[in-house]
Amino acid sequence: ARRELAQLFHSPLAYVFLLLMVFAAQFFHATTVFAMGQADMRVFFDTLPWVIAVFSALITMRSWAEERQDNTYEMLLTFPMRVRELVLGKWLAAFAFMAVALAGTFMVAISVFSLGHPDPGPVWAGYSGALLFAAMTTAAGVFFSSITRSQLLAALLSIVVGVLTLL
């Protein structure tokens, strides 16, 4: 997990993904606040699962598919680890990355709490649900990446599963 997470954060593309996810998650909230003049997190939590479904697929699409493309899959399997530990490590790294991205959206909650006095229970429940949904979609993404060589196909299958769970 440490190696995979370090590989994610050493890539400049990872920081672009983080910024894009935080921007996409906050965009509809910001437009609602300015259009209606009401600081409400309902729109934020309505659109957040859709953003998570797409971005978790983009994060996990390379986890196993890239190992196969780079021909490092066999070498990875020779490490003194069980296969389930390798899979758990890849999932844990992707989930930690998504958790960091979700932490980047705390500014929405901070701004709403600074403008009014909302009930903190639904806010914490919304973030807890978002973390659980991120855990599910990253698990689906790692699974689809493990059964195909194509990163694009893994991402598309993961997005489809994420969207179907939202419908």
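Q: Which helices each supply at least two residues of the lining of the largest cavity?
A: In this predicted model, helices α1 (2-9), α3 and α6 (83-103) each contribute at least two lining residues to the largest cavity.

Q: And which one gives the most?
A: Helix α6 does, with three residues in the lining of the largest cavity.

Q: Which residues line the largest cavity?
A: The lining consists of Glu4, Leu8, Ile59, Thr60, Arg62, Ser63, Lys90, Ala93, Ala94 and Val142.

Q: How much space lies in there?
A: The largest cavity holds about 50 Å³. The count of cavities of 30 Å³ or more comes to one.

Q: Let us step back. How many helices and strands does the chain have?
A: The protein chain has nine helices and zero strands. Read along the sequence, the pattern is α-α-α-α-α-α-α-α-α.

Q: What does the C-alpha trace span?
A: Along its principal axes, the trace spans about 55 × 30 × 30 Å.

Q: What share of the residues is buried?
A: Buried residues account for 39% of the 167 residues in the protein chain.

Q: Changing topic to aromatics: how many pairs does the structure hold?
A: There are eight aromatic pairs in the structure. In one of them, between phenylalanine 106 and tyrosine 127, the ring centres are 4.9 Å apart and the planes stand at 75°.

Q: Why is that pair edge-to-face?
A: The pair of phenylalanine 106 and tyrosine 127 is edge-to-face because its planes are at 75°, and the cut-off for that class is over 60 degrees.

Q: Where do the two residues sit in the chain?
A: Phenylalanine 106 belongs to helix α7 (residues 106-115) and tyrosine 127 to helix α8 (residues 120-147). They are 21 residues apart, and the pair links distant parts of the chain.

Q: Is tyrosine 127 buried or exposed?
A: Tyrosine 127 has a relative accessibility of 6%, so it counts as buried; the limit for buried is under 20%. Phenylalanine 106, by contrast, is partly exposed, with a relative accessible area of 34%.

Q: Which residues do ring pairs link into a cluster?
A: The cluster joins Phe44, Phe45, Phe106 and Tyr127 through ring pairs.

Q: Now the surface. Which residues make the nonpolar patch?
A: Trp50, Val160, Leu164 and Leu167 make a nonpolar surface patch of about 450 Å².

Q: Where is tryptophan 50 found?
A: Tryptophan 50 lies in helix α3 (residues 42-60). That residue is partly exposed, at a relative accessible area of 38%. Helix α3 is also one of the helices that supply at least two residues to the lining of the largest cavity.

Q: What about charges: how many salt bridges does the structure hold?
A: The structure holds one salt bridge. Arginine 82 forms it with glutamate 85, and the closest N and O atoms are 3.6 Å apart.

Q: Why does that count as a salt bridge?
A: The 3.6 Å separation of the closest N and O atoms qualifies because the rule asks for a side-chain nitrogen within 4 Å of a carboxyl oxygen.

Q: How accessible is arginine 82?
A: Arginine 82 is partly exposed at 49% relative accessibility.

Q: Last one: where is alanine 99 found?
A: Alanine 99 is in helix α6 and is partly exposed, with a relative accessible area of 27%. Its C-alpha atom is separated by 19 Å from that of proline 120, 21 residues apart along the chain.

Key
Residues are numbered from 1 along each chain as its sequence is written. This is a predicted model: local features need pLDDT of at least 70, side-chain atom pairs count only at pLDDT 80 or more; totals for chains, interfaces and linings use all residues. Side-chain values use heavy atoms; hydrogens and water are left out. Patches are made of residues with over 30% relative accessible area and no salt bridge: like charges are joined within 9 Å, nonpolar side chains (Val, Leu, Ile, Met, Phe, Trp, Tyr) within 5 Å. Accessible areas come from the Shrake-Rupley method with a 1.4 Å probe; for residues, only the protein chains shown count as cover. Helices (H or I, at least four residues) and strands (E, at least two) are DSSP runs, numbered from the N terminus. Buried means under 20% relative accessible area, exposed over 50%, partly exposed in between (1.4 Å probe, protein chains only). Rings of Phe, Tyr and Trp (its six-membered ring) pair if their centres lie within 6.5 Å; planes under 30 degrees apart count as stacked, over 60 as edge-to-face and the rest as tilted. On a 1 Å grid over the protein atoms alone, a cavity is a set of points where a 1.4 Å probe fits but cannot get out, and a pocket is an open set with protein on both sides within 12 Å along at least five of seven lines; lining residues have an atom within 4 Å of a point. Grid points are joined across faces, edges and corners, and a volume is the space filled by probe spheres set on the points.
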